[in-house]
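Trainee: Could you walk me through reading side-chain contacts in a model like this one?
Mentor: Gladly; let's look at it together.

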Amino acid sequence: MTEPTIRDATIDDLDAVAALFDDYRVFYRRESAPEGARAYMKERLSNGDSRVFVADDNGTLLAFAQLYPTFSSVDLGTMWLFNDLYVDPAARRRGVARLMMQRVERLGRETGAAKLFLRTERINTAGQACYEDAGWTLDERFLTYQKYL
């Protein structure tokens, strides 16, 4: 089995990325919305307001990761919100998530970011193990609040 290539997604990947993105949303207990997922990813890829990486196995996309640039006043620099990571279930346990995370970390270094950050559900223990294996640490200092509008 060959190792997939981790690369930037392009608009040519839209249909495959949108399908993975819809599956990702379903994983987080959102209703499947293929048209909405496609429109959202088309906007991201067209506007360039996020970075989207894919794991490409000879033309078949196995995974995607999406990051949004932001700023840290405390760290006096830029940072990346590592918002989405999804590996197709058939491709899991092959090291794809590890490869994606290595690419994400390289993006941080390439752009001179102060840090990368992510959040995941408390019940996503597989994801947590993956992040911790990659050297990420749990932030126990700050709480996250949100308000849906």
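**Rings and charges**

Mentor: Let's start in helix H1 (residues 14–27), where Phe21 and Tyr24 are three residues apart and so separated by about one helical turn. Helices (H or I, at least four residues) and strands (E, at least two) are DSSP runs, numbered from the N terminus. Keep in mind that this is a predicted model: local features need pLDDT of at least 70 and side-chain atom pairs count only at pLDDT 80 or more, while totals for chains, interfaces and linings use all residues. Residues are numbered from 1 along each chain as its sequence is written, and side-chain values use heavy atoms, with hydrogens and water left out.

Trainee: How many aromatic pairs are found in the whole structure?

Mentor: Rings of Phe, Tyr and Trp (its six-membered ring) pair if their centres lie within 6.5 Å; planes under 30 degrees apart count as stacked, over 60 as edge-to-face and the rest as tilted. The search finds eight such pairs here. One of them is Phe21 with Tyr24, which is stacked, at 6.2 Å centre to centre and 20° between the planes.

Trainee: Is Tyr24 buried or exposed?

Mentor: Buried means under 20% relative accessible area, exposed over 50%, and partly exposed in between (1.4 Å probe, protein chains only). Tyr24 has 11% relative accessibility, so Tyr24 counts as buried. The ring centres of Tyr24 and Tyr86 are 6.4 Å apart with planes at 75°, so that pair is edge-to-face. Tyr24 lies in helix H1 and Tyr86 in strand E4 (residues 77–87), so the pair ties together parts that are 62 residues apart in sequence. Ring pairs join Tyr24 and Tyr86 into a cluster with others, including Phe27 and Tyr40.

Trainee: Which ring does the charged end of Arg44 sit over?

Mentor: A charge sits over a ring if NZ of Lys or CZ of Arg is within 6 Å of the ring centre and within 35 degrees of the ring normal. For Arg44, the ring is that of Tyr40, with the charged end 4.5 Å from its centre.

Trainee: Which residues are linked with Arg7 in a network of salt bridges?

Mentor: A salt bridge is a side-chain nitrogen of Lys or Arg within 4 Å of a carboxyl oxygen of Asp or Glu. The network links Arg7 with Asp13 and Asp56. The closest N and O atoms are 2.8 Å apart for Asp13 and Arg7, and 3.0 Å apart for Asp56 and Arg7. Asp56 is in strand E2 (residues 51–57) and Arg7 in strand E1 (residues 5–8), so this pair ties together parts 49 residues apart in sequence.
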